[in-house]
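Here are my notes on this model. Please read them with the structure open.

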Amino acid sequence: MVKIGIVTGSTRDSRVNGQVAEYILEKSKEVEGANFEIVDIKDYDLPLFNEAMPPAMANKQYDKEANNKWSQKVDSLDGFVFVTPEYNKAVSPSLKNAIDYLGPEWGNKAAGIVGYGSTLGVAATLNLRTILSNANVATVGPFGAFSLFTDFEEMSTFRPAEVHNATVQAVLDTVVSWSKGLKSIRA
Ligand SMILES: Cc1cc2nc3c(=O)[nH]c(=O)nc-3n(C[C@H](O)[C@H](O)[C@H](O)COP(=O)(O)O)c2cc1C
């Protein structure tokens with residue numbers, strides 16, 4: 001059994017992110033061999049990065065209590081599904097900040113990406129792949145790509161088209177199998 005965190009990618013008060021994360025959680029109930037949970041970066045209330053040590057050198061010990069809580073949560077997970085909006089052709093600053101906070105907690109784990117935006121979140125997804133590769137996170141091939149115009153009503157209520165089902169299934173299945181495989185590397 002592996003533990004997979006569905007990581008939110010937006011902290012705006014009026015974000016649509018939570019609806020997409022809940023949809024992924026619902027879809028994950030059909031996947032065997034894993035426990036999925038939503039990991040909401042908003043709950044951790046991380047300020048803009050201001051640690052003395054680069055996370056790669058911090059040995060998982062941080063100056064501030066909130067950062068240690070974030071470190072312990074990510075450390076406890078075997079894999080991730082990042083739900084990311086697209087902000088100016090990249091991930092949101094809050095998601096980048098949350099990723100920057102940690103180093104080895106991410107490493108040798110698998111991740112899937114589910115993006116959304118007016119241009120399907122594809123630029124943000126590719127940006128996130130690059131960021132995660134630097135943290136030794138293996139991103140699976142299939143990725144979700146939802147349109148603000150056709151998968152949301154009035155760009156605010158998530159109503160995903162059925163055509164996405166198979167891709168989301170592939171994202172979740174692959175994250176679970178890769179997470180199981182990568183566990184042996186970390187042992
Ligand atoms: C600062 C900003 C920049 C944005 N840039 C893009 C963009 O480059 N491409 C895109 O498809 N959508 C872009 N959008 C639209 C967002 O993807 C859309 O507002 C989405 O709802 C944001 O996710 P959230 O509601 O979960 O925060 C941008 C929105 C904001 C606020």
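1. Start with the ligand. The model is a predicted one. The ligand is surrounded by 14 residues. The closest are S10, R15, N17, P85 and G117. Sorted by class, the shell holds 6 polar, 4 charged and 4 nonpolar residues.

2. Look next at N17, one of the closest residues to the ligand. N17 sits in helix α1. Is N17 buried or exposed? N17 counts as buried, because 23 C-beta neighbours lie inside 10 Å and the cut-off for buried is 20 or more. Setting aside residues within four places in sequence, its contacts are T8, G9, S10, V83 and P85. Of these contacts, S10 and P85 are also listed among the closest residues to the ligand.

3. N17 and F158 are 141 residues apart along the chain. Their C-alpha atoms are separated by 9.3 Å.

4. Now the strands. β1 (residues 2-8) and β2 (residues 34-39) run parallel, joined by 6 bridges. V7 has V39 in β2 as its bridge partner. Between the two strands the chain passes through helix α1 (residues 17-28), and this β-α-β crossover is right-handed. This is the helix that holds N17.

5. Then the core. In soluble globular proteins, nonpolar side chains tend to be buried together. Here the largest nonpolar core has 47 residues. Those with the most contacts inside it are I24, V81, V83, A111 and V175. Helix α5 (residues 165-186) supplies the largest share of this core, 7 residues.

6. Two backbone angles deserve a look. N88 is not a glycine, yet its phi is positive, about 50°. N88 lies in the loop between β3 (79-85) and α3 (93-100). N88 counts as exposed because it has 10 C-beta neighbours inside 10 Å, and the cut-off for exposed is 12 or fewer.

7. E154 is the second case. E154 too has a positive phi of about 50° without being a glycine. The loop between β7 (152-153) and β8 (157-158) holds E154. With 6 C-beta neighbours inside 10 Å, E154 counts as exposed.

Note on methods:
Residues are numbered from 1 along each chain as its sequence is written. This is a predicted model: local features need pLDDT of at least 70, side-chain atom pairs count only at pLDDT 80 or more; totals for chains, interfaces and linings use all residues. Two strands pair if DSSP finds at least two bridges between them. Helices (H or I, at least four residues) and strands (E, at least two) are DSSP runs, numbered from the N terminus. A crossover is right-handed if, with the strands pointing away from the viewer, the path from the first strand over the helix to the second runs clockwise. A residue is near a molecule or strand if its C-beta atom, placed from the backbone, lies within 6 Å of it. Ala, Val, Leu, Ile, Met, Phe, Trp, Tyr, Cys and Pro count as nonpolar, Asp, Glu, Lys and Arg as charged, and the others, Gly among them, as polar. A nonpolar core is a set of buried Ala, Val, Leu, Ile, Met, Phe, Trp, Tyr and Cys residues joined through C-beta atoms within 7 Å. Two residues are in contact if their C-beta atoms, placed from the backbone, lie within 7 Å.
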